[in-house]
Protein chains: 2
Amino acid sequence: MVKRKGLLLVVSGPSGAGKGTICKAILDQNDQIKLSVSATTRKPRNGEVHGVNYFFLEKEEFTSMIAKGEFLEYAQIYDNFYGTPKSAIMETLDKGQDVILEIEMQGARQVKEVYPEGIFVFVLPPSLQELKNRIVGRGTETAEEIEKRFSCAFKEINQIDDYDYFIVNKDVEKSVKELEAIISSEKNKVTRYKNNIIEKFKEEL
Amino acid sequence: MVKRKGLLLVVSGPSGAGKGTICKAILDQNDQIKLSVSATTRKPRNGEVHGVNYFFLEKEEFTSMIAKGEFLEYAQIYDNFYGTPKSAIMETLDKGQDVILEIEMQGARQVKEVYPEGIFVFVLPPSLQELKNRIVGRGTETAEEIEKRFSCAFKEINQIDDYDYFIVNKDVEKSVKELEAIISSEKNKVTRYKNNIIEKFKEEL
């Protein structure tokens, strides 16, 4: 029987929509889903741990990894680099384990180009006003950064076409249930796993 | 805001795979999902009720409805006709309610032609041997009918390509959970409902 490959869930969306909170909650509740740890040159926020939330790298280290082709995707957002180291994800998927990748929208587009069999999930705020409230409430961005991010938000929402699924994040537990259902349903997709099924029945003939 | 149309779930698969049991269980557990009641010319099995399990019709009534174009699909399986009356389903979907349609595979193909936005789910037995055991155990078919059905089973399984999802029905509760996840995930599909989302955000600008 053909071994079932793991699913790569790419969770993205406008900054402040709550993709990080949803991903943290689903990982807490599902031991069998693994988190892809990204690399970044931005400074850690309160409580963020190197190797857990991100690999916090100096700009020189990051650009050296780009040159060696060691990222599945990378992007410059405002003044910082973000990227996804390639090899660890591919090894995990080959073992049959599912991986969640929480990234900015530029990065999601690059992953789709090189790994279109990923599942692309777009996390939306319930409203634009709510999005602004959340960014302000987080208190980690300067006033200038907040305005920059908010002015991009509607343009970003129009990029929903690049994604397979959307989640309107009103309530984290509801959003987690929706994401779990997406993962479950993808495991029942004919286009994804029919060879495993047909082979199994052929063995009986 | 655009009103969300209901989903039409078309559940099919080889006879004896357990599609009827799964549909009954999911309907028992979910008040908001409606069952499409099919029409048939076959005789009622023990406990089956007219208007609940099927509309049991005489052959003359059935062919008259065919002539008037009143079926979403119809098929002749062995010596009997099966069909799905069109108007009730369309009214329910327009109200935003989901409908489950449990039908034979010939019928599923016809529904796909006229209603491709349906969700097509293929229910499989865990093995061909288990399929045979179930048909025999049901005790409602003659020996000749059992052989006829079993010899079609592998050919039928190869028709999995006509479907969006498959469910390997080992355990009814697990199958119901998988079907519920399919319904949930389809409500988060960008291609299906993105207009509802984009309109909502435009209203805020």
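## Interface between chains A and B

Chain A and chain B bury about 3100 Å² between them, with 70% of it on carbon and sulfur atoms; buried area is the accessible area (1.4 Å probe) that two parts lose on being put together, summed over both. In chain A, F166(A), N188(A) and F201(A) lose the most area to chain B, together 22% of what that side buries. The model is predicted: local features need pLDDT of at least 70 and side-chain atom pairs count only at pLDDT 80 or more, while totals for chains, interfaces and linings use all residues. Residues are numbered from 1 along each chain as its sequence is written, chains are lettered from A in the order in which they are written, and side-chain values use heavy atoms, with hydrogens and water left out.

Contact (heavy atoms within 4.5 Å) joins 35 residues of chain A to 35 residues of chain B.

Two salt bridges are found across the interface, a salt bridge being a side-chain nitrogen of Lys or Arg within 4 Å of a carboxyl oxygen of Asp or Glu. The side chains of K194(A) and D161(B) form a salt bridge at 2.7 Å, N to O.

## Helix α8 of chain B

Helices are DSSP runs (H or I, at least four residues), numbered from the N terminus.

Buried residues (under 20% relative accessible area, 1.4 Å probe, protein chains only) of α8(B) include Y193(B), N196(B) and F201(B). The buried residues of α8(B) pack against elements including α5 and α6 of chain A, together with α7 (172–186) of chain B.

Note on methods. Buried means under 20% relative accessible area, exposed over 50%, partly exposed in between (1.4 Å probe, protein chains only). Helices (H or I, at least four residues) and strands (E, at least two) are DSSP runs, numbered from the N terminus.
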